[in-house]
Amino acid sequence: MKGRPISSEQDDDLVATAPLPPGQRLAKGWPVSHYGPVPKFRPERWSLQVFGATATGDKYAWSFDELSALPCVTIETDLHCASGTTSTDHEFFGVAARTILELAPPAPQVTHVMAWAEYGYSANLRLGDFTSDRTVLATHHGGEPLTVEHGFPLRLVVPHLYGYKGPKWLRAIEYMTADRRGFWEERGYHNIADPWTEQRHSYQEE
């Protein structure tokens with residue numbers, strides 16, 4: 001998620017309730033921003049897939065109903081955009097990423113995953129970031145199903161990284177034995193994306 005900048009007049013009306021990462025400013029509400037059009041959800045065609053270097057060599061898939069029947073968790077978090085905005089006090093409900101790894105185990109040599117979304121959008125993550133106990137494949141926000149603009153039916157939420165590491169309209173997880181850059185990472189964004197150390201741009205990488 002890339003947030004949109006807010007004006008200085010809006011800044012005057014906002015008061016942060018918790019420390020923000022360096023260089024961040026508080027957004028008003030939950031800005032909507034994405035690359036490309038909003039996809040139409042067709043439940044009869046929709047599935048979440050796991051493929052790549054699985055432990056068994058098999059591919060896995062869940063329909064939306066099957067995914068929704070899996071054990072779920074709730075997390076509360078802020079969301080940080082690499083453009084400099086932070087939106088606060090989000091509550092997400094969905095399937096913990098760790099649950100997906102338990103049901104579709106990766107091979108021992110897997111080091112990274114690629115999260116694939118509609119229209120070929122992708123974001124690469126270190127395996128340790130994906131397996132964080134706060135990484136969630138979210139179906140709900142604030143007790144209600146996600147809106148289409150915010151990623152319905154499924155979005156990846158990785159709270160400890162900048163928002164572009166958490167694609168909306170998630171469709172697949174690919175297990176990888178070596179790193180490979182995703183959509184924004186190929187376009188100059190940082191490969192790790194830690195907001196607390198301001199890892200915004202690829203030129204900052206060692």
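Predicted model: local features only at pLDDT ≥ 70, side-chain atom pairs only at ≥ 80, totals over all residues.
Close-up 1. One of the bridge pairs to look for is His 141 with Glu 144 in β9. Two residues sit between the strands of this hairpin, and Gly 142 takes a positive phi near 60°.

**Close-up 2. Other partners of β8: strands β5 and β10.** Strand β5 (residues 85-96) and strand β8 (residues 136-141) are antiparallel, with five bridges joining them. Strand β10 (residues 155-157) also pairs with β8 in the antiparallel sense, this time over three bridges.

**Close-up 3. An open sheet of five strands.** Read across the sheet and you get β3-β2-β11-β6-β7, with mixed pairing. The edges belong to β3 and β7 (122-126); each has a single partner strand, so one side of each has no neighbour in the sheet. On average, neighbouring strands here are turned by 15° against each other, ignoring direction. Zooming in on β6 and β11, we find an antiparallel pair held by six bridges. Within that pair, Val 113 faces Tyr 175 of β11.

**Close-up 4. The largest nonpolar core, with 29 residues.** The members that touch the most others are Leu 48, Trp 62, Leu 67, Ile 100, Phe 130, Leu 137 and Tyr 175.

**Close-up 5. The surroundings of Trp 62.** Setting aside neighbours within four places in sequence, Trp 62 is in contact with Trp 46, Ser 47, Leu 48, Val 50, Leu 67, Leu 70, Ile 100, Leu 103 and Ala 104. Two of these contacts, Leu 48 and Ile 100, are also among the core members that touch the most others, as is Trp 62 itself.

**Close-up 6. Cys 72 and Cys 81.** Are these cysteines buried or exposed? Cys 72 is partly exposed, with a relative accessible area of 29%, whereas Cys 81 is buried, at 1%. As for disulfides, the structure holds zero.

Definitions and conventions:
Residues numbered from 1 in each chain as written. Heavy atoms only, no water. Core = buried A, V, L, I, M, F, W, Y, C linked by side-chain atoms within 4.5 Å. Buried < 20%, exposed > 50% of the residue type's maximum accessible area, 1.4 Å probe, protein only. Contact = heavy atoms within 4.5 Å. Pairing = 2+ DSSP bridges. Helix = DSSP H or I, 4+ residues; strand = E, 2+ residues; numbered from the N terminus. Axes fitted to C-alpha atoms, helices over the stretch in contact; angles between N-to-C directions. Disulfide = S-S within 2.5 Å.
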